[in-house]
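Please look over the structure shown below before reading the briefing that follows, which is grouped by topic.

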Amino acid sequence: MALPNGIASGDTTQNSTILWTRSDRLGEVSFEYSTDPNFATIIGTAIANVTDTDVPVKVELTNLNPGTQYYYRVTDADNITLIGEFDTAAEIGNNAGLRFGVSGDWQGELSPYVSILNVRDRNLDFFVQMGDTIEADSESPILPGVTQAQTLAEFRTKHEEIYSERYGLNPWVDLRASTTVYGTWDDHDLTNDFAGGSTPQLSPQKQDIFRNDAGANADFVNDTQVFDDALEAFQDYKPLRDEFYGETGDPRTANEQKLYRYNTFGSDAASYVLDVRSFRDQPLPFLPETASEEEIEAYLQAAFEPGRTLLGEAQKEQFKNDLLAAEESGITWKFVMSTVPMQNFGIPTAGERWEGFAAERTEILSFIEENDINNVVFITGDFHGHVVNNVTYQEEFGGEQIETGVFDVMIGPVGIQLTVPFLEPPFNETFAAPFGVATVGFTPASLLAEQGKSREEYLALTDRDAQNQYVREILDYRTETLFGYDPIGLENSPIDAELLQGSYIQAHNYGWTEFEIDPQTQALTVTTYGVEPYSQAELEANPETITSREPELLNQFQVFATEETETVFGSPEADELDAAIDDNFDGNLDLVFTGGGEDLVDASQNGTGRSRIYSGSDRDELIAGRRDRLFGGEGNDILDASVGEGGNRLYGGVGDDELVVKVSDRAFAGEGDDTLEASLSEGNNRLYGGDGDDSFFLGTDDILAGGAGADKFFVQTGGGNTITGGEDADRFWIATSGTLLDLSEDPNTITDFEVGTDVIGFGGVFDNLSGFDDLTFSENNGNTTVSFGNINLAILEDVTANELSAANFVFDPGLIV
């Protein structure tokens with residue numbers, strides 16, 4: 001076949017595109033294009049000359065019309081012809097709707113890629129090939145015995161393999177002929193975990209390819225020959241322009257290849273394709289999840305080191321400017337293509353993700369928040385699974401998690417397997433490795449045991465939904481339980497989303513994800529398709545079984561775009577604003593400043609919600625409805641979400657405030673001696689005390705953290721809470737209702753009880769319980785359960801029973817809450 005790797009269009013804008021092919025015949029290749037699928041009228045013809053059959057050829061078409069469907073016909077020197085099509089983007093000012101696909105991570109040894117077989121039938125406006133578009137550091141059939149490509153010829157051969165027919169199928173060729181593509185690279189396009197902004201001598205990659213390179217003494221990995229060869233081969237096999245940075249003033253980016261792309265698609269969307277490999281600093285060293293608390297804290301603190309970069313200064317500043325330009329132009333959705341996740345996953349391989357570059361991560365997310373850049377979606381890869389979560393950030397190590405309205409959709413993989421000899425059986429043998437099975441394989445057995453889980457229990461599961469839920473619980477433990485991050489999913493987040501099918505984690509398949517914007521409502525529908533994963537051995541043993549698999553719909557959810565807010569100002573006097581009756585305030589997407597006076601703002605009867613309400617200098621009462629943000633001011637304010645629908649965020653400010661939660665709310669008390677009320681909680685709230693001597697009134701199934709100060713926690717009837725006292729001497733009143741019969745069957749867990757400093761308290765008069773000697777203590781996995789009779793009252797983590805004495809307990813018959 002004279003055009004063995006097919007044809008493609010890419011880097012398409014409103015008025016231009018790149019056309020691509022590779023011919024195994026020397027001579028001219030013609031590219032004709034038309035708006036007629038029958039080519040009755042030819043708009044123009046471009047010619048490329050093949051002088052080396054190993055090197056693809058490209059031409060650029062210009063002066064195209066926006067928002068137009070084009071067809072192109074490619075003919076080589078042997079008169080072999082293939083036909084493809086692409087759409088130019090609409091001009092800003094048009095809402096025509098948009099549909100595109102994204103995936104990443106595939107290996108030549110798993111070709112052909114049945115997980116993307118249905119893409120060509122989805123009538124996409126474009127597709128993004130998002131990194132790890134080859135695996136240069138694994139052996140595949142086209143280069144037997146080569147476990148790390150090291151020359152330009154080897155890198156090109158690995159790319160050729162991806163677009164070659166196998167077992168009668170060539171899915172990438174079919175896809176790239178059906179729509180335009182954009183793309184970026186990631187580590188396996190060269191070698192695992194490389195950092196282009198590091199030095200060769202500090203880069204211990206496979207077979208020492210940087211230390212043994214002709215440019216081993218260069219200042220940066222991106223100045224080595226092997227880097228240049230890998231990037232040249234990547235560019236050769238993608239329909240992308242050759243763009244370069246100029247004199248940036250930064251030696252790591254000056255005059256280097258530029259993969260960053262910013263494109264707009266009418267007023268529906270803008271896309272930002274990032275290069276997170278070529279300029280990144282040396283990552284933080286690997287830290288095991290079993291590291292000590294001190295080691296973990298030092299690691300997370302190091303991630304906030306100022307100046308460490310994933311993008312390089314030139315790319316970062318252009319990205320920020322382009323985000324602002326899209327928002328100012330009235331573009332609804334901003335899609336950021338990053339080959340590593342923006343969402344939090346905790347310690348495992350954090351150095352490879354945005355989490356390992358926390359200062360730059362915070363800079364970008366705070367820029368989005370401070371400039372009111374709405375509807376930002378990070379589409380990310382590299383970790384081989386579909387996981388969706390909202391994105392928060394900290395301003396400093398140990399700071400509170402700040403909401404952004406941004407969410408992350410992790411995608412892929414098209415096809416990935418792993419061989420990891422140091423893992424325990426059966427994970428030490430080559431296995432199909434989507435995110436779920438890899439997560440269980442890499443999680444230390446001791447950490448699984450802390451959750452009452454095991455590899456054996458996981459491997460016994462056969463239902464995909466059960467497998468996904470099992471892995472979701474592991475991830476939530478890593479993130480929410482250990483670090484206070486948001487759990488997986490958008491159910492209880494500030495994102496206005498509706499789950500239509502499946503769950504927010506699909507971690508046991510190969511596949512791709514589609515994004516579609518409705519032209520009228522601007523609602524975004526996200527759909528993931530996939531197939532059952534397979535290994536190279538399974539493919540080669542039973543090719544027909546694998547190639548007959550067809551992608552199925554696994555997950556679908558819809559997100560409603562944040563709309564323009566209406567600003568409401570209070571007067572210098574006392575005001576009352578009620579969303580149920582006020583003509584000027586309906587509580588939907590409002591921005592409210594109360595002004596002076598003791599004000600009452602009630603947004604509880606809103607519909608859409610998502611208002612932001614700012615208290616003034618006096619004592620105000622702010623009542624939340626649905627996914628609202630309440631901000632206390634200088635006075636002693638009341639921020640009340642107890643009658644709302646949930647998903648609210650309460651920020652106390654500097655006074656002695658009262659914050660009341662209901663369900664899936666977040667409360668941040670701030671400075672002052674605050675009261676945090678959750679006694680009527682329906683669960684899934686998180687309450688943070690901050691500075692000051694705060695008082696917490698507990699409900700059920702919440703997470704509470706005292707922070708600095710001598711805090712008090714009062715249990716009335718609720719249970720199943722996780723309590724962290726924080727700094728200073730805290731009091732945990734684990735029973736205060738006067739009767740133990742009212743307590744929940746689920747004990748509350750205290751994560752940081754400090755013997756000799758903190759105190760466990762009982763308030764009220766209890767039958768047959770009058771002192772320390774009436775309690776019993778039992779240990780399990782280093783934790784102690786405090787009980788009275790058959791009632792388990794509290795679990796003290798990392799405390800042994802023999803450490804406890806009467807001095808750690810107080811009984812106050814007169815204290816009943």
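**An open sheet and its surroundings**

Four strands make up an open sheet in the order β4-β3-β6-β7, with antiparallel pairing, where strands pair if DSSP finds at least two bridges between them, and strands (E, at least two residues) and helices (H or I, at least four) are DSSP runs numbered from the N terminus. This is a predicted model, in which local features need pLDDT of at least 70 and side-chain atom pairs count only at pLDDT 80 or more, while totals for chains, interfaces and linings use all residues. Residues are numbered from 1 along each chain as its sequence is written, and side-chain values use heavy atoms, with hydrogens and water left out.

- The edge strands, each pairing on one side only, are β4 (44-50) and β7 (81-87).
- Strand β6 (residues 69-75) is joined to the antiparallel β7 by seven bridges, and R73 stands opposite I83 in β7.

**Helix α7**
- Helix α7 (residues 435-442) is largely enclosed by the rest of the structure, because seven of its eight residues are buried, meaning under 20% relative accessible area with a 1.4 Å probe, protein chains only.
- The buried residues of α7 include F435, V437 and V440.

**Nonpolar cores**
- I760 and F762 touch the most other members of the largest nonpolar core, which has 46 residues; such a core is a set of buried Ala, Val, Leu, Ile, Met, Phe, Trp, Tyr and Cys residues joined through side-chain atoms within 4.5 Å.
- Apart from this core lies another, of 37 residues, among them A8, V173, L175 and F210.

Terms used
Buried < 20%, exposed > 50% of the residue type's maximum accessible area, 1.4 Å probe, protein only.
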